[in-house]
Amino acid sequence: MDKKKQDYFKKRLETRQQELRAWSHARSRMAAPSTRTAQDIADRAASSYTKEFLFHQSNNDRQLLQMVDGALHRLREGPLRVHLLR
């Protein structure tokens, strides 16, 4: 990959990395337990659904962040050198 393409993808990955970290932080604040307790069953169900949804989203984001981190690491390390053992 030429230097121009590498810089382009590196910049896009760094932007995505920042977005994922910001979303992760925002979601963790939304999922924090509320000081107000749900009074009826519908409120408790909605609260439970929201927490479950946020948990799955954060799990997906965490996996995506790991992949982005790995790609950035590989870009910073440079081209892979493969040695064949004979």
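Student: Where is the place of D69?
Tutor: D69 sits in helix α2. Helices here are DSSP runs of H or I with at least four residues, strands are runs of E with at least two, and both are numbered from the N terminus.

Student: What sort of model is this?
Tutor: It is a predicted model, in which local features need pLDDT of at least 70 and side-chain atom pairs count only at pLDDT 80 or more, while totals for chains, interfaces and linings use all residues. Residues are numbered from 1 along each chain as its sequence is written, and side-chain values use heavy atoms, with hydrogens and water left out.

Student: What does D69 touch, apart from residues up to four places away in sequence?
Tutor: D69 touches Q17 and R21, where a contact means heavy atoms within 4.5 Å. D69 and Q17 are 52 residues apart in sequence, yet their C-alpha atoms are 7.3 Å apart in space.

Student: And where does Q17 lie?
Tutor: Q17 is in helix α1, which covers residues 3-30. Q17 counts as buried because its relative accessibility is 13%. Neighbours within four places aside, Q17 is in contact with L65, V68, D69 and L72.

Student: How many helices and strands does the protein have?
Tutor: Two helices and zero strands. Among contacts between residues at least 6 apart in sequence, 85% join residues at least 24 apart.

Student: How much of the protein is buried?
Tutor: Of its 86 residues, 14% count as buried. The accessible surface of the protein is about 7800 Å², and 55% of that belongs to carbon and sulfur atoms. Areas come from the Shrake-Rupley method with a 1.4 Å probe, and for residues only the protein chains shown count as cover.

Student: Which residues are buried in α2?
Tutor: L54, S58, D61, L65, V68, G70, A71, L72 and L75.

Student: How far does α2 reach, first C-alpha to last?
Tutor: α2 has 37 residues and reaches 54 Å, close to the 54 Å expected at 1.5 Å a residue. The expected span is 1.5 Å times one less than the number of residues. After α2 comes G78, with a positive phi near 95°.

Student: S58 is on that buried list. What lies by its side chain?
Tutor: A polar atom of the S58 side chain is 2.8 Å from the backbone oxygen of F55. S58 is in α2, residues 41-77, and counts as buried because its relative accessibility is 19%.

Student: What about the side chain of T50?
Tutor: A polar atom of the T50 side chain is 2.9 Å from the backbone oxygen of A46. T50 is also a residue of helix α2, and it is partly exposed, given a relative accessible area of 41%.

Student: Switching to charges. How many salt bridges are there?
Tutor: The count comes to four, taking a salt bridge as a side-chain nitrogen of Lys or Arg within 4 Å of a carboxyl oxygen of Asp or Glu. Side chains of opposite charge can pair when their charged atoms come close.

Student: Which residue pairs with R76?
Tutor: R76 forms a salt bridge with E14, and the closest N and O atoms are 3.4 Å apart. R76 lies in α2 and E14 in α1, so the pair ties together parts that are 62 residues apart in sequence. E14 is partly exposed, at 27% relative accessibility.

Student: And D7, which residue does that bridge to?
Tutor: D7 pairs with K3, with the closest N and O atoms 3.2 Å apart. Both lie in α1, four residues apart, or about one turn of the helix. D7 is partly exposed at 35% relative accessible area, whereas K3 is exposed at 58%.

Student: What about E19?
Tutor: E19 and R16 meet in a salt bridge of 3.3 Å, N to O. They are three residues apart in helix α1, so about one helical turn separates them. E19 is partly exposed at 36% relative accessible area, and R16 is partly exposed at 34% relative accessibility.

Conventions. Buried < 20%, exposed > 50% of the residue type's maximum accessible area, 1.4 Å probe, protein only. Polar contact = N/O pair within 3.5 Å; in protein donor to acceptor, adjacent residues only side chain to side chain.
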